[in-house]
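Hi,

Here is the structure I promised to pass on to you. Have a look at it first, and then read on for what turned up.

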Amino acid sequence: MDGLNHLGIALATLAGPWQILYALGATLCGILIGLLPGLSATLGVALFTTLTVNLPPTDAILILVCVYVGAIYGGSRTAILLNIPGTAANAAACLDGNQLARQGRAGRAMGIATTGSVAGSLFGVVCLAMFTPYLSEAALAFGAYEFFWLGMVGVMMSGTVTGSTPLKGWLMGLLGIFIATIGLDPIHAQPRFTFGENALTGGIGLIPALVGAFGFAEILTAMGEPRRSAAVSTVDSVLPRIADVLRYRWTILRSGLLGVFIGILPGVGEDMAAWTSYAAARRVSPEREQFGKGSVDGLIAAETGDNASIPGALIPALALGIPGSAPAAVLMSAMIIHGAQPGPMLMVTQPQFVYDVVGITLVATLAILLFGLVLVRPILWVLRVPREIIMPVVFVLCVLGAWSIAQRLFDVVTMLVVGAVCFVLRRRGYPVAPLVLGLVLGDIVDKSLRRGLVLSDGDLTPFFTRPICVLLAFLTLVMLLAQIPAARRWLSRRGPAPGAS
Amino acid sequence: VSTGGTTDEPTPRRPDRGRAIEAIAWISFGLVLLVAAWRMPRLEAQHIAPWSAPGLLPGVVGALMALAGIVLFFTRDEAAAPAADAAADADVARGAPDARTAPTDPPVGAGRDGGSAIVVALVLCVGYAAAGVGHGIPFAIASALFIVAFVAWFRWPVWRVAGGRGVVRGLAAASAIGIGVAFAFAWLFESVFLVRLP
């Protein structure tokens, strides 16, 4: 009952004219960011974090969540029309979305994407409202040992699933943790890796680093690639259909559940949610032979899965302080900037904030539905703007974004250095998402490891014997073993036949 | 769900000097971290528990990096191309079309791309951010100059196809975009977001 009261208050707050304007504007910006290949939801949330520093917390989080939801939704347009995922989360939507477009049903494909996105997001919002309080309550029993493993599992999982070589992903996660240790040590205020520089005492700013990693690095990458041409130029009716929701209700339900579950897993993210939902739908669909050739079931599964994982990723971010994805990690940092302390105590100290986020996610879902019903064709013009015009404008925003948090040139230099390093590492096949998780979770891992060891007087046993720790340590071990060829062969002999998924 | 494109069939060992250099770089970096962490103050004089020493996690991270670097050195390269984009590789392994082989515009009028484009973009971006911003030039003017220079350099081949008139029209459009965007951003940040610009 308290929850409903809080949700009612949140929705009443969000019904103000400014809030509606913020929600619509931010969702539109998010969709445009998602539409442009290379500009990710993480970059969108990071850039808008810098713009909203001076706004009241609820308005700022409203804008950031709307950008996040809008970007993941907007990326499906590019997947359908260009066969290039607008964001990593939309890669699975390319398979059937672009095939539908090539059959002259691009509008229908976009309508289906809207249906799946809205249904998935709504399902996720319900789960966010239901599960966050329970997870928070359960997490009150967590100690330093559990939080150490949660942080490590987040970094490890992100490294495992986001690149082609998990080892490179883990190295990026470790690099992120190292960067997070630069500055004053959080327990004894002892400077680490500062080389006597005052600017480094405060540490490497998360937002400038992320703007560099996802903005500057992407600009360099995009300018080196040949320009892609649109495969489809005409669009039929784009309206979502209720009949699709009814006909594919089981796909929506299954993909919603999978999306939320994958979202809750620390560090996994929306792209894996989309792929898992797509694979599950292909396994049980009556039209499985149509998958990859323009299946409505496949497209709806992919889009439901990735959008359901957005509220899913917010559940551990709010309840544990461990984000479920890279954009959720940036969003969590923004929450901290605005005075909220995500973690088990959030439900105790600021329960209204949790329900504000639930209400905000609901508003963002309604906003993508609105933009899915109207403004589809006008929004698509952005795909015609040459990247040579978009990229310098984005770079000016990157400079402004890095500067405006603390108004220091040091942050602009941080953005440039991190961006250049990430560009080189990406060219060598190193994924950037684990770096984000490492940067955000590094502090938790550091404090939890040292506090845990102090509590146990240097004894490592509690890290491996407490029930949750056993589970998380086992999960970490499985991720490590799965990368050893002999162990992988042993596991695959006991698992489903290759290609079954 | 498969998360990689690996099979049980043995693949021929692909000698990759770049991978070995990467591995050595990671090992070196890890060892440097380990040494730096070891040399950090342990605050014994303040009777601090040794397990809460500031260098503990950086040391563990350095050791793990060095270990991962050693594994990387001896790991067979399963990726087809050493410089391939990881996300694209992973997606292709899962069955998605390869965005890198998607249809591209014909070369004429398609602008510049490739390695030289990256270098020029890098020079322009670093020049603007490191030298143009915060060194006396008003932000809006520096930004406008950067945008015009960037657009002009990369759109020049497209404009040239249309002849002298195309060049003039292109330059005029680039100037309008550069000046418009730069001054709009400056106004937005200073007047709406109340950010003091460099």
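A:Phe216, A:Phe395, B:Tyr128, B:Phe146, B:Phe150 and B:Phe154 together make up one aromatic cluster. Rings of Phe, Tyr and Trp (its six-membered ring) count as a pair if their centres lie within 6.5 Å; planes under 30 degrees apart are stacked, over 60 edge-to-face, and the rest tilted.

Before you go further, please note that this is a predicted model: local features need pLDDT of at least 70, side-chain atom pairs count only at pLDDT 80 or more, and totals for chains, interfaces and linings use all residues. Residues are numbered from 1 along each chain as its sequence is written, chains are lettered from A and ligands numbered from 1 in the order in which they are written, and side-chain values use heavy atoms, with hydrogens and water left out.

Over all chains, the structure holds 19 aromatic pairs. The ring centres of A:Trp275 and A:Tyr278 are 6.5 Å apart and the planes stand at 85 degrees, so this pair is edge-to-face. Are these two residues buried or exposed? A:Trp275 is buried, at 4% relative accessible area, and A:Tyr278 is buried too, at 3% (buried means under 20%, exposed over 50%, partly exposed in between, with a 1.4 Å probe and protein chains only).

B:Phe73 and B:Phe74 also form an edge-to-face pair, with 5.2 Å between centres and 75 degrees between planes. Here B:Phe73 is partly exposed at 36%, while B:Phe74 is exposed at 61%.

Enjoy exploring!
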